[in-house]
Amino acid sequence: MNLHRLLVERSRKSGPIKVGVIGAGKFSSMFLTQALHVPGLHLVGVADLSPDRARAALARTGWPSERYAATSFDEALRTGGTHVSDSADDLIDVPGLEVVLEITGDPIVGTYHAVRAIDAGRHVVMVNVEADCLVGPLLAERAHRAGVVYTMAYGDQPALICELVDWCRTVGFDVVAAGKGTKYLPEYSGSTPDTVWDHYGFTAEQLASGDYNPKMFNSFLDGTKSAIEMAAVANGTGLQPQEEGLFFPPVGVDDLATALRPGELGGSLTRRGTVEVVSSLERDGTEVDRDLRWGVYVTFEARTDYAVQCFAEYGVRTDPTGRYGALYRPYHMIGLELGVSIASAVLRGEPTGTPDGFRGDVVAVAKRDLRAGEVLDGEGGFMVYGKLAPARTSLAAEALPIGLAHGCRLVSDVPAGAVLSWSDADLDDSVLAVKLRRELQES
């Protein structure tokens, strides 16, 4: 029985699934757009530090004002409406709430919200990949013990990549590489919120039409977000990052199977069974033909000669040997697809991707010479960017994870291009995310 049918049947028998959203940024807005049209979901509440921003997001995405006019969560439960609040804790504690969507993008508060929701018996859809990259394996373990689901967000690229990897293994192919596409040039690693819009090419009209956060978009551009997402994929699939992190080779969809092979076969990979992000730009800045900027992929090897023959018979685009193939999805729709995660968690008790080990990490690298006494500004800012590393390499170097490189004061100078260490920053060990991260590293 498919998810949509299960969702309709559940709604008819026992009412809609009760959902709460924490955060009211752009990706939250995308979910809000769809929540009006997904049968079987009741958005009980939206929590944001700025309720006015949350109401503006609801209005911008087409919600009639009467739908979010409930003055309390009790009223929302009684009437089927939505209450907007500034308290995530109050939302998490709403009686009967089943699923919490964490969409703040802040790894520190996201960790707190996830722990609170799990301990309150709520399923957690973690749209906050930053928090998942920082301490996801511990959150998943905590959820399992509590009998709830902790899941990656369907529609976000990590969950879609995990789905492709699972397909590949289930049908009996060997996974060679998996990942996504993005717009990337090496010089973007030094991009700042002041330069990000020039690189993206957005017009003033586009920027005025929605919730475009320059730090968030800069994290997409400077490689940090790609590193975070590939760490999440590694932790959720068993794939191992390359020792060097990500190379961002320029590759179009027709060349995936050839380019994303091990180096000894003429490909760009330094190991098999890994993660990689392909760029939509050639190194000279020209566009790659048939690029995968918005999509995801997996490359795989046939185990038998008969499978190789089948590849040829069915028109699978392969490498020159005929043994390596690729499957890709050209788009991801992030918040618009979150209903799949919600329904899967509640109706099947299954995540749409979840970490089951600590294999990939993202370390903070100085964008410029940093001085003792400066306060780090985190992901997408002016001071650091995130670089993917195998977890064992990060731990051996005592590298500072990008998720903690925000709001803490440096106690030593760090030259441009150097990886920051735990000893370089004055971290508050009373913060839950710091505690859990130390626990993850010691486990």
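This is a predicted model: local features need pLDDT of at least 70, side-chain atom pairs count only at pLDDT 80 or more; totals for chains, interfaces and linings use all residues.
Residues are numbered from 1 along each chain as its sequence is written, and side-chain values use heavy atoms, with hydrogens and water left out.

I334 is not a glycine, yet its phi is positive, near 35°. F248, also not a glycine, has a positive phi of about 50° and lies in the loop between helix 12 (224-237) and helix 13 (256-259). Both count as buried, as does G179 in strand 7 (residues 174-182); buried means under 20% relative accessible area, exposed over 50%, and partly exposed in between (1.4 Å probe, protein chains only).

| Residue | Relative accessibility |
|---|---|
| F248 | 6% |
| I334 | 8% |
| G179 | 0% |

Leaving aside residues up to four places away in sequence, G179 touches I161, M230, E276, V296 and Y297, where contact means heavy atoms within 4.5 Å. The C-alpha atoms of G179 and T192, 13 residues apart along the chain, are 25 Å from each other.

An open sheet of six strands runs in the order 3-2-1-4-5-6 with parallel pairing; two strands pair if DSSP finds at least two bridges between them. Strand 3 (83-85) and strand 6 (150-152) are at the edges with a single partner strand each, so one side of each has no neighbour in the sheet. From one strand to the next the twist averages 25°. Axes are lines fitted to C-alpha atoms, for helices over the stretch in contact, and angles run from 0 to 180 degrees between N-to-C directions. Strand 1 (residues 17-22) pairs with strand 2 (residues 41-47) over six bridges, and I22 stands opposite A47 in strand 2. Helix 6 (residues 107-119) lies across strands 1, 4, 5 and 6, at about 160° to strand 5. Helix 7 touches strand 5 and strand 6, making about 145° with strand 6.

The largest nonpolar core has 94 residues; such a core is a set of buried Ala, Val, Leu, Ile, Met, Phe, Trp, Tyr and Cys residues joined through side-chain atoms within 4.5 Å. Helix 7 (residues 129-146) gives the largest share of this core, nine residues.

Technical notes: Helices (H or I, at least four residues) and strands (E, at least two) are DSSP runs, numbered from the N terminus.
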